[in-house]
Structures are given as C-alpha cells and as structure tokens.
Amino acid sequence: MEEMTAAHRWLPFGSVVRVENRDNDREAELRITDRGPFVNDRILDISRAAARALGMLGPGTARVRIVLLVLPHEPDCLELQIGAYSEPANAAAARREAERAGYPVREVDGSDGLRRVIAGPFGQPSDAETARDRLGGFVRSCPGDGAEQSTAARL
C-alpha cells in the first residue's frame with residue numbers, strides 16, 4: 001500500500017512505467033506488481049503511495065498518460081491460474097472445462113485451503129493469453145521462475 005506500485009491487465013510483473021497525471025501535471029514512476037483493474041474504463045490501479053504522489057487521493061481517478069520505461073525479461077515458463085476454489089467439485093468442473101478445451105491442466109491444493117486449477121505450462125506469452133481469453137483467470141510465471149507476485153493496493 002505504501003510502495004510505488006500499480007496493477008495493469010497485461011504488462012509483465014516488474015515492468016516500470018511513468019504515470020503522468022494529465023489533470024495536474026504530476027508524475028511518478030511505478031512498478032507493475034499486480035493484475036487489474038477490473039473496471040472496463042480504467043487502465044491502471046495504483047497504490048496509496050502512488051495516488052498521493054500523483055495527487056489522486058481525493059478524486060480517486062484521473063486522466064493519465066502511461067510511458068513504459070522498463071520491460072523485464074519474459075519468463076521462460078508461464079501458466080494460467082483459472083481459479084481458486086473452496087469446493088472440490090467446482091475445481092473439478094473448471095479442470096474438466098480446460099481439458100475439453102485441449103489444455104494440460106492440474107489441481108493444486110494451497111496452504112490457504114483453496115484448490116487452484118492451473119493450465120499450462122506455456123512457453124509463449126501469446127499462448128497463455130489465448131488460454132486466459134478462453135478460460136478466464138490470470139497468467140503467472142511458473143513456480144521457481146522468480147517473477148514477482150506481490151499485491152498492490154487498489155483505490
């Protein structure tokens with residue numbers, strides 16, 4: 001929440017962007033650490049620290065310009081987390097749907113008690129994104145790939 005971070009729908013984790021608030025000419029450099037926003041007319045969710053730096057704490061939204069400064073190396077292995085389920089039957093249904101679509105898929109029990117349905121691995125980002133568009137969920141690096149997966153606060 002107090003780091004200069006942002007969420008973007010598809011920029012890789014670790015990307016650095018300069019965000020320019022077009023309403024007040026303030027700007028800040030932010031690191032992409034999360035997926036979002038999930039509101040159709042928005043392109044970026046930012047942390048509280050970033051909102052403070054950009055003068056957005058009061059209004060909550062602003063017209064912005066985004067400039068990509070750093071694009072990290074793409075991971076060699078990507079997977080798609082289709083969902084996380086508390087009910088095993090729901091996880092099984094999601095797994096069957098992915099199997100019917102022709103994707104390699106597995107279920108993984110998490111330490112939080114949720115069963116995750118994971119498709120992949122995918123070697124190409126475009127293949128993972130195609131699966132995401134068809135099945136939902138979010139693309140992430142395979143375990144052990146070293147990609148950052150922290151969570152940014154949303155305003």
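**View 1. A salt-bridge network joins Arg95, Glu99, Glu107, Asp109 and Arg115.** The model shown here and in the other views is predicted. Side chains of opposite charge can pair when their charged atoms come close. Here five residues are linked through such pairs. Across the whole structure, a search finds twelve salt bridges.

**View 2. Arg140 and Glu79 form a salt bridge.** Their closest N and O atoms are 2.8 Å apart. The pair links distant parts of the chain. Arg140 lies in strand E9, residues 138-141. Glu79 lies in strand E6, residues 78-85.

**View 3. Glu20 pairs with Arg18 in a salt bridge.** The closest N and O atoms sit 3.0 Å apart. Glu20 has a relative accessibility of 16%. Buried means under 20%, so Glu20 counts as buried. Arg18 has a relative accessible area of 24% and is partly exposed.

**View 4. Asp133 and Arg132 meet through their side chains in a salt bridge.** The N to O distance is 3.3 Å. Asp133 is exposed, because its relative accessibility of 61% is over the 50% cut-off. Arg132 is partly exposed, at 23%.

**View 5. Helix H3 spans residues 125-135 and has buried residues.** Which residues of H3 are buried? They are Ala128, Ala131 and Leu135. Seen down the helix axis, these buried residues fall within an arc of 60°, so they line one face of H3. They pack against strand E6, helix H2 (88-100), strand E8 (115-122) and strand E9. Just after H3 comes Gly136, with a positive phi of about 85°.

**View 6. Strands E2 and E3 form a hairpin.** E2 covers residues 16-21. E3 covers residues 27-34. The two strands pair in the antiparallel sense, over five bridges. Val17 stands opposite Leu30 in E3. Five residues lie between the strands. Asp25, in the turn, has a positive phi of about 65°.

**View 7. Strand E1 pairs with strand E3.** E1 covers residues 5-7. In which sense do E1 and E3 pair, parallel or antiparallel? They pair in the parallel sense, over three bridges. Ala6 stands opposite Ile32 in E3.

How values were computed
Residues are numbered from 1 along each chain as its sequence is written. This is a predicted model: local features need pLDDT of at least 70, side-chain atom pairs count only at pLDDT 80 or more; totals for chains, interfaces and linings use all residues. Side-chain values use heavy atoms; hydrogens and water are left out. A salt bridge is a side-chain nitrogen of Lys or Arg within 4 Å of a carboxyl oxygen of Asp or Glu. Buried means under 20% relative accessible area, exposed over 50%, partly exposed in between (1.4 Å probe, protein chains only). Helices (H or I, at least four residues) and strands (E, at least two) are DSSP runs, numbered from the N terminus. The arc is that of the directions from the helix axis to the C-beta atoms. Contact means heavy atoms within 4.5 Å. Two strands pair if DSSP finds at least two bridges between them.
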